[in-house]
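Here is a short report on one protein chain. Keep the sequence and the 3D view open as you read.

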Amino acid sequence: MTIARVIEGRDPATIISCKAESPVRDAIWLLAKYRIGALPVVEADRVVGIFSERDAVRQLESLGPAMLERQLRDAMTAPAITVAPQTTVLEALGQMTARRVRHFPVMDGARMVGFVSIGDLVKHRIERIQSEAEALKAYIQMA
C-alpha cells in the first residue's frame with residue numbers, strides 16, 4: 001500500500017499551508033481553525049518547512065508572546081522531511097517513528113501533491129488489516 005493510495009481523491013488545492021513570511025500568529029490561527037497539528041510552509045510555490053504545534057510550544061517557551069510576531073521562516077522546522085507518492089505506508093510510518101515527526105508533505109518532484117499525518121497512515125493501515133481479516137474469515141467459513 002502506497003501513500004498515493006492514501007491521498008487518492010484528495011485535491012492538492014485544499015492543503016492548508018502558510019507562507020514563510022507570514023507571522024507565527026497566522027499559522028497558529030490556521031492550526032486552531034482547521035483543528036490540525038501541522039502545516040507546510042511555502043515560499044515561491046516550494047515547500048521550505050513544516051510548522052507544527054510542537055514548533056509553537058518551543059517558540060513560546062524560548063521567546064514568550066513575542067514569538068507570535070516572528071516570521072514563520074524563523075519558527076518552522078526546516079528543511080521539510082517529505083515522502084514520494086510511491087513510498088509505502090509502512091515505510092512512511094517507520095520514517096515518522098525514526099525521525100519523531102507526525103506529518104509529511106507528499107512530493108512529486110518539486111510539486112506538493114498531498115500532506116499526510118500519522119493518523120491518516122494508521123487509519124489506512126487499520127482499514128487494510130480489517131479488510132484482510134474479513135477476507136480470511138470468509139475464506140475459512142467457505143472451507
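Predicted model: local features only at pLDDT ≥ 70, side-chain atom pairs only at ≥ 80, totals over all residues.

One of the residue pairs to look for is methionine 107 with its bridge partner in β5, methionine 112.

The hairpin has 2 residues between the strands. Glycine 109 takes a positive phi near 70 degrees there. β4 itself, residues 103–108, is mostly covered. Of its 6 residues, 5 are buried.

## The three-stranded sheet

What is the strand order of the open sheet? The order is β1-β2-β3, and the pairing is mixed. β1 and β3 are the edge strands, each pairing on one side only. β3 spans residues 46–52.

β2 and β3 run antiparallel, joined by 6 bridges. Leucine 39 has phenylalanine 51 of β3 as its bridge partner. Helix α2 packs on this sheet and touches β1, β2 and β3. The direction of α2 makes about 70 degrees with that of β3. Strands of a sheet pair through backbone hydrogen bonds, either parallel or antiparallel.

Is cysteine 18 buried or exposed? Cysteine 18 sits in strand β1. Its relative accessible area is 6%, so it counts as buried; the cut-off for buried is under 20%. Cysteine 18 touches Ala27, Leu30, Leu39, Pro40, Val41, Val42 and Leu72, leaving aside residues up to four places away in sequence. Alanine 138 lies 120 residues from cysteine 18 along the chain, and their C-alpha atoms are separated by 48 Å.

Serine 22 is in the loop between β1 and α2. With 15% relative accessibility, serine 22 is buried too. Which residues does serine 22 touch, not counting those up to four places away in sequence? They are Arg70, Gln71 and Leu72. Leu72 is also among the residues touched by cysteine 18.

## How α4 meets α5

Helix α5 covers residues 118–142 and packs with α4 at an angle of about 140 degrees. The two axes are 10 Å apart. The crossing of α4 past α5 is left-handed.

From α4, the contact uses Val89, Leu90, Ala92, Leu93 and Met96. From α5, it uses Ile118, Leu121, Val122 and Arg125. By type, the contact residues are 8 nonpolar, no polar and 1 charged. Arginine counts as charged, so Arg125 is the charged one.

Most residues other than glycine have a negative phi, and most peptide bonds are trans. Where does the backbone depart from that pattern?

Arginine 35 has a positive phi of about 55 degrees, although it is not a glycine. This residue is in the loop between α2 (24–34) and β2 (38–43). Its relative accessible area is 77%, which means that arginine 35 is exposed.

Arginine 100 also has a positive phi of about 55 degrees, and it is not a glycine either. Its place is in the loop between α4 and β4. Arginine 100 counts as exposed because its relative accessibility is 66%, and the cut-off for exposed is over 50%.

The peptide bond from alanine 78 to proline 79 is cis. Its omega is near -5 degrees. Proline 79 is in the loop between α3 (53–63) and α4 (89–99).

## The whole chain

How many helices and strands does the protein have? There are 5 helices and 5 strands. Along the sequence they follow the pattern α-β-α-β-β-α-α-β-β-α.

The C-alpha trace spans about 70 × 30 × 25 Å along its principal axes. The protein has 143 residues, and 36% of them count as buried. Take the contacts between residues at least 6 apart in sequence: 54% of these join residues at least 24 apart.

Conventions: Residues numbered from 1 in each chain as written. Heavy atoms only, no water. Helix = DSSP H or I, 4+ residues; strand = E, 2+ residues; numbered from the N terminus. Buried < 20%, exposed > 50% of the residue type's maximum accessible area, 1.4 Å probe, protein only. Contact = heavy atoms within 4.5 Å. Pairing = 2+ DSSP bridges. Axes fitted to C-alpha atoms, helices over the stretch in contact; angles between N-to-C directions. Left-handed = near helix turned anticlockwise from the far one by under 90°.
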